[in-house]
Amino acid sequence: DGINLNVPRGCIYGLLGRNGSGKTTIIRILLGLEPPTRGQTFLLDTESTELSAKVHGRIGYVAEGHNLIQNYRVGRLIKLCKDLSLQWNDGFFNHLIETFRLPTDRRVKELSIGMRAQLNLSLAMAIDPELLILDDPTLGMDTVVRRQFLELAIDVIQQQGRTILFCSHILSDVERIADRIGILTAGKLVVDCPLEELKERVKKLRVIFP
């Protein structure tokens with residue numbers, strides 16, 4: 001609803017909002033998967049409705065729910081993604097597979113949700129994207145798995161220094177990874193500022209009565 005948003009190059013932007021606030025809709029419009037009702041959106045200096053295969057090849061996308069092809073074995077899915085990619089960093093991808101300890105001989109549907117999330121992130125990172133979009137990647141994970149995933153994701157992101165749009169409904173997840181924060185409420189962007197500025201604006205008062 002009248003969103004005006006700018007993610008600077010090299011920024012890790014955390015977009016916060018409850019489920020249904022519009023985070024996924026914004027991402028789908030940005031990626032050209034849905035048309036905006038009005039206005040324009042741009043990714044990597046290209047209008048979203050005109051993104052070419054070459055521009056898409058510079059964008060890594062981890063979708064909410066990690067809906068990978070369930071009946072494929074992991075190795076077959078990797079080969080499919082590799083064959084479809086304009087560029088593929090074998091060394092980096094193999095490093096991620098080893099770091100996450102992902103079995104390539106099992107079917108995707110046999111993996112835990114944490115493993116599917118790790119596989120999804122690895123596939124998105126293998127193309128060396130300039131822009132990485134993560135749509136609630138920890139949804140459905142328990143606290144321990146979520147923490148492990150975020151710690152590894154942070155390690156990967158810090159090594160690469162790329163632009164990230166990280167959407168989540170969990171404040172602590174975004175706080176661990178972002179340097180700028182946007183907050184969506186009922187489709188409106190009510191906060192858009194550096195993380196440190198947001199922290200300074202929020203106060204916690206503890207009042208003790210006899």
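Predicted model: local features only at pLDDT ≥ 70, side-chain atom pairs only at ≥ 80, totals over all residues.

Which side chain meets that of Asp-45 in a salt bridge? The partner is Arg-9, with 4.0 Å from N to O. A salt bridge here is a side-chain nitrogen of Lys or Arg within 4 Å of a carboxyl oxygen of Asp or Glu. Asp-45 lies in the loop between β2 and β3, and Arg-9 in the segment before β1, so this pair ties together parts that are 36 residues apart in sequence. Helices (H or I, at least four residues) and strands (E, at least two) are DSSP runs, numbered from the N terminus.

Residues are numbered from 1 along each chain as its sequence is written, and side-chain values use heavy atoms, with hydrogens and water left out.

Returning to the pair, Asp-45 is exposed at 70% relative accessibility, and Arg-9 is exposed at 60%. Buried means under 20% relative accessible area, exposed over 50%, and partly exposed in between, computed with a 1.4 Å probe and protein chains only. Both residues also belong to a network of salt bridges that links Arg-9, Asp-45, Arg-58 and Glu-130.

The structure holds eleven salt bridges. One of them joins the side chains of Asp-1 and Lys-188, at 2.9 Å from N to O. Asp-1 lies in the segment before β1 and Lys-188 in strand β8 (residues 188–194), so the pair ties together parts that are 187 residues apart in sequence. Asp-1 is exposed, with a relative accessible area of 52%, whereas Lys-188 is partly exposed at 42%. Arg-28 and Glu-34 form a further salt bridge, at 2.8 Å from N to O. Arg-28 is partly exposed at 30% relative accessibility, and Glu-34 is partly exposed at 31%.

Let us now turn to helix α1. Which of its residues are buried? In α1 (residues 23–30), they are Lys-23, Ile-26, Ile-27, Ile-29 and Leu-30. These cover an arc of only 165 degrees around the axis, which puts them on the same side of α1; the arc is that of the directions from the helix axis to the C-beta atoms. Their cover includes β1 (12–16), β4 (59–62) and β6 (163–168). Just after α1, Gly-32 takes a positive phi of about 75 degrees.

Next, the interior. A nonpolar core is a set of buried Ala, Val, Leu, Ile, Met, Phe, Trp, Tyr and Cys residues joined through side-chain atoms within 4.5 Å. The largest such core has 42 residues, of which Ile-78, Leu-119, Leu-121 and Leu-123 touch the most other members. Helix α5 (residues 113–125) gives the most to this core, with six residues. Apart from it lies another core, of 17 residues, among them Leu-15, Leu-30, Leu-44 and Leu-165.

Which residues does Leu-123 touch, leaving aside those up to four places away in sequence? They are Leu-68, Leu-77, Ile-78, Cys-81, Trp-88 and Phe-93, where contact means heavy atoms within 4.5 Å.

Finally, I would draw attention to Leu-80 in helix α3 (residues 74–84). Leu-80 counts as partly exposed, at 32% relative accessibility.
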